[in-house]
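Grab a pencil and work through these exercises with the model open beside you. Each task comes with a solution you can follow step by step.

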Amino acid sequence: MDPDAEEQRKLLNDASRVVEAQAYQMKLALDNNKLMDALKHCSDMLCELRTSLLSPTSYYSLFIQVMDEMRHMESHLLDMHRQEEKVSDLYELVQYTGNIVPRLYLLITVGAVFIKTFEAPAADILRDLVEMCKGVQHPTRGLFLRHYLSSLTKDKLPDVGNEYEGTVESSINFTIQNFTEMNKLWVRLGYQGALGSREMRNKYRAQLRQLIYSNMERLGNLEGVTQDVYIENVLPRVLEQVVSCRDKLAQESLTEAVIQSFPGSYHIATLSRFLEAIGELVPEVDVKSLIVSLIDRLAGFAASDEGSLPKDLDVFGIFSSEIASIMESREGMPLEDVLSLQVSLLNLTLQCYPERTENVDAVLGYCGQVLAASGVDRSSVTPAITKEVAKLLHIPVDTYGDMRTVLDLANYKDLIQYLGHAERSVTAQYIASAVLKGHTPLATVEHAQDLLHMIACLLTDEDDAPDASEVDAEDFAEEQTLVARLIHLITSPVADVQFQLYVVSRQAFGKGGPSRIKYTLPPLAFGALRLTQRYKAAGLAGDDEMWEKKVLKVFKFVHQTITALASEEPELGLRLFLAAAATADTCGLEAIAYEFVSRAFTIYEEDINDNKAQQAAMALIVGGLQAMGRRSLDEDSYETAAAKATAHSSRLMLVSDQAHGVCRASHLFWTNGPDEDSAVATLELTPVRDGERVLQCLKKSLKIAAKCMDAVEQVGLYVDILEECLLYVDSGNEAVTAKYVNGLVQLIRSNLGNLESPTLPLCRSGPTDDDDGVWAAIEL
Amino acid sequence: MATRKKVLLKVIILGDSGVGKTSLMNQYVNSKFSSQYKATIGADFLTKEVMVEDRLVTMQIWDTAGQERFQSLGVAFYRGADCCVLVFDVNLPKTFENLDSWRDEFLIQAGPRDPDNFPFVVLGNKIDLEDQRRISTKRAMTWCTLKGNIPYFETSAKENVEVEQAFHTIAKNALKQENDVDLGFPPPSAIKLHDPPPKQKKGCC
C-alpha cells in the first residue's frame, strides 16, 4: 500500500472514531433532552473537521459521516420547534461556540431549522449565513463548509411555488455568492505552496470539482429560474465569474457544469453568447471538449421529446460560424481537435437536420480545406487524425444507409486520400459492404465512377500499398471477392447505361494486375454476356432497332475483357471464351462465335501445358462445341473446329486420355437436332449425323488403346469404347455395325482370359432384359 | 438508544445515466416531473418525512450521478445506507444488464454488515413508453428472485405510476434494516474515552 494512502487511512480512522464517540454522547444527551450537553458533544465532533491533514476524498468520507450524525441534531431542533420552543434564541446561542468551524456548522444547522420555522425571512437568514461563512478561508474546510450550507438550505430557498419569504432573485444571489466564494477558494488551492507539489494540488482540485458543480445544479433546480431569468440574471453572472477567474481547471469544470445543469432549450436561446464566452477562455482550456459536450447535449435534446429546435434558429449555422471564429482566435489547436469538433458538428446536423445534406457537405468541405492547408498527406497522417477522418467518412455511411446519398456529397470523396493505406482499405471495404448491404443499385455512370474512386485502393496497388508478400492471402481473397460482388449492384435498367457502367468498371478493374483481375473480370464478362441477351430480347420485341450493332459492341468488349484475363489466367480465359462462344451462337453471330472458339483453341495450344489441365480443357472444348452444334456455325467452320478438337484429343499426353478423348470427340459428329423446349433458339440447330466419322474416331480410339502397356487398364479402355459403341448402336448409327461390336467383345474376352486375376470386376457380365434390342444384334 | 423515538433513514438510488433516478426522487418528494433532462452532478439528497408502521420516519434519499466523471469525490455517501434502490429503463436493455454491476459496486463500497440480507429494491422505470419496451416483467422478476427476492416495481416517474408504493416498500425495508442495526451498543471508543477498561492498561505496559 502506498504510504500516503496508509497514512490517510489511519488519520481518517482516528478522526472517524472520535466522531463516532462524540456522536454517541450527543445522541444520548439529545434523548435525555440535555441540549447543552448535546451541543457540546456536537461541537467536539465537528472539531474533527478542522483537520488540514486529510486529502479531499478522505475529508469527504469524514464529512459524510459527520453529516449523517448532524441529521440527529437537526431532527431534534425541528422537534423543539414543534413543541413551540424558540429557535431564534438558539441561533444566538451557538454563535458562542469557541471554534469557528464547529460554530459555523452549528449555525448553519440551526439556521436551516430557523428558516423552516418561518420566524424570520428566509432570505435574511440565508444572507447572514453566506456572509458568516467567509470566516473560514482554508480552501478545503471552506469548500466543505459552504457545501454543507448549500446542501442544508437547497430546499429552503425562496422560489416560485414555495412559501419561504424572499424573492427568487435573493435565492439566485445567495447561490451565486456562495458559488463565487467557493470558486475563489478552489482557485486559490492551486496556488498554495504548502500543499505539496503542483501536480498534487491539481489532483486535489480535480477531486473537489464536484462541490463547485453542485452550485450550478442548485440554480438549475430553481423553478423561478425561467429561461428569461436565466438569460438576464444567471448566465451573464456565471459567465463573468468563469471568464474572469482565468484558471484552466475552473473554466473547464464550470463550463461543463453549466452545460449539464440547465435545460437544452436555455442553451439554444443563448447559444451565440455561450460560444463567445468559450472563445474567451484561457488558451490552455480544452475548448474542443467543451464544444463537443455542448453539441452532444443539444443533439440529445433534439432527439428527445422535451422539445424541438426552433425553426427560425439555425443551430448548425451558429455553431459553424462560432467554431470558425474560435479556431481563428486559437492558433495552434491540434488538427485532430479541429476535426473532432467537426465530427460533433456532423453528428449534430445529422441528428437535428437529417434532410439538410448541404450542412454535411459543408462540414466535410471545411475538413477538406483544413487538411489541405495543414500539409498533412496519407504518408504523414497521425493515428489521431486518422481516427477523426475515418469518422467523417463512416458517419454518413451509417446514417444514410443509401450510398447514393453519400456519394452525392461533393466533398466526401476526396477525404479518403488523407488516410494511410491500411485505414483507406478498411474504409473502402466499409463502403463496398454498405453498397452490398443496402441493395441500392448504383445506376448512373457518375455514381459508379465515384464509388470506384472511393475504393481505388482495393482496385490497384497504389504507391503506398504494402508489399504483396506482406498481404495475407485469405484477407486479399476476401477483399477482392467483395469488389467482384459490387458489379452486381452497379446496374441500370437501361441497357445502354448498363453497358456504360461495365465500360467504366472495366477501366477501373483492368488496372488491378494479375492477382485482382481473376476475381473482378469474370463477373464483368458474365454480366456483359447477359447484357447481350437483354439487347436481343429488346430487338426481337421490336424495341431496339440498333440491337445487332449494340450486341456486336458488347461482344467486342467481352472479347477484350477475356483476352486481358486470359493472358494471366489461361484456364479461366478458355472457359470464358467458350461461354462467350455459346452466347454469340444463340445470337446467331457466326463469325463471333467462331472467333471465340478459335481463341479457346489458341489458349489451349499456347498456354495450357499441364497434362491434367489439357485433358480438362479439351473436355470443355468438345463439350462446348458439341452443345453449340451447328446453329450459327456453317458446315466448314464446324468441320474445322471439330477436326481440330479430334486431332488435339488424340495428342493428349497419356494413352488413356488419348483413347477417352478421341472417343469423346466422336460425339462432335453425331449431334442433336432442334430442341423444341429451348427458349433461346432463334436459329434452328442443324443436326450433324456423320456415322462414318464417328466410326473412324472409335477405331482410332481402339488403336490408341491397343498401345496401352498395362493390360488391366487396357481392358478397361476397351470396355469404355464398347460402351460408346453401344450408345451409337442405340441411337441408330448404322456405321457402327454388329460385326464391329462383336469383334470388340471378342477382343475384350480374349484379353480378359489372358489376365492373371480371373475375378476382375466386369462392367457387364451378360445381357439384361431391358436392352434386348442392342444385345440381340450382338451374337454373344 | 435502542428505541430512539425518531427514525432517520438513508436510501441510495443507483442506476445508469438517464434512467430517471432524479425524476423518481422528485416525483416522490416534490410531486413534480419535468421532461427537461439535466445530468445529475455529484451526489445530492432530498428528505421526506413519512409514516411507516405508525412511526414517523425521515427519509434522506440520495440521488447519484449515473456518469462516473461527475463523482470526483468518490462514493463515501454509500456508507450507512439503510436501503439501496436500483433503477433501470425498461426500454433500454443495457441499463438492465448493468444492474449487476451497480449492486456489486454498492455492496463493495458501502460494506454493509450483512451483505446477503441487505435490502435492495429494483425499479423498472419509464413504463409509460409501453410500445418501446424491451425488458419484460418476467425477465426483471427472474433477476430479482435470483438475487434474493428483491422487491420489484414497474414505475413511471412521468405519469406517477407506482412511485408512492415503491418508496413505501423502500421505507419499510429500510426501517427493518435500521431496527436491526440500531439496537447497537455504544461504540468501543466511547467507552474508552470515559472509562478505560483496566485490561487495556495492562496490555500497554
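**Exercise 1: a covered helix**

The buried residues of α28(A) have covers that include α26 (547-566), α27 (570-586), α29 (611-628) and α30 (635-650) of chain A. This is a predicted model, where local features need pLDDT of at least 70, side-chain atom pairs count only at pLDDT 80 or more, and totals for chains, interfaces and linings use all residues. Residues are numbered from 1 along each chain as its sequence is written, chains are lettered from A and ligands numbered from 1 in the order in which they are written, and side-chain values use heavy atoms, with hydrogens and water left out.

Task: work out which residues of α28(A) are buried.

Solution. Start with the helix (a DSSP run of H or I, at least four residues; strands are runs of E, at least two; both are numbered from the N terminus). α28 spans residues 590-607 of chain A, 18 residues in total, and reaches 25 Å from first C-alpha to last, close to the 26 Å expected at 1.5 Å a residue. That expected span is 1.5 Å times one less than the number of residues. Next, pick out the buried ones (under 20% relative accessible area; exposed is over 50%, partly exposed in between, with a 1.4 Å probe and protein chains only). They are Ile592(A), Ala593(A), Phe596(A), Val597(A), Ala600(A), Phe601(A), Ile603(A) and Tyr604(A). For the spacing, recall that an α-helix has 3.6 residues a turn, so residues three or four places apart point the same way.

**Exercise 2: a glycine**

Task: say where Gly317(A) sits and how far Thr349(A) is from Gly317(A) in space.

Solution. Gly317(A) belongs to helix α15 (residues 315-329) of chain A. With a relative accessible area of 25%, Gly317(A) is partly exposed. Thr349(A) lies 32 residues from Gly317(A) in sequence and 9.7 Å away in space, C-alpha to C-alpha.

**Exercise 3: the sheet of chain B**

Task: give the strand order of the open sheet in chain B and find its edges.

Solution. First, count elements: chain B has 7 helices and 6 strands. The open sheet of 6 strands runs β2-β3-β1-β4-β5-β6, with mixed pairing (two strands pair if DSSP finds at least two bridges between them). β2 (43-52) and β6 (152-154) of chain B each have a single partner strand, so they are the edges. Now zoom in: β1 (residues 7-15) and β3 (residues 55-64) of chain B pair in the parallel sense over 7 bridges. Within β3(B), Trp62(B) is the bridge partner of Ile12(B).

Technical notes. Contact = heavy atoms within 4.5 Å.
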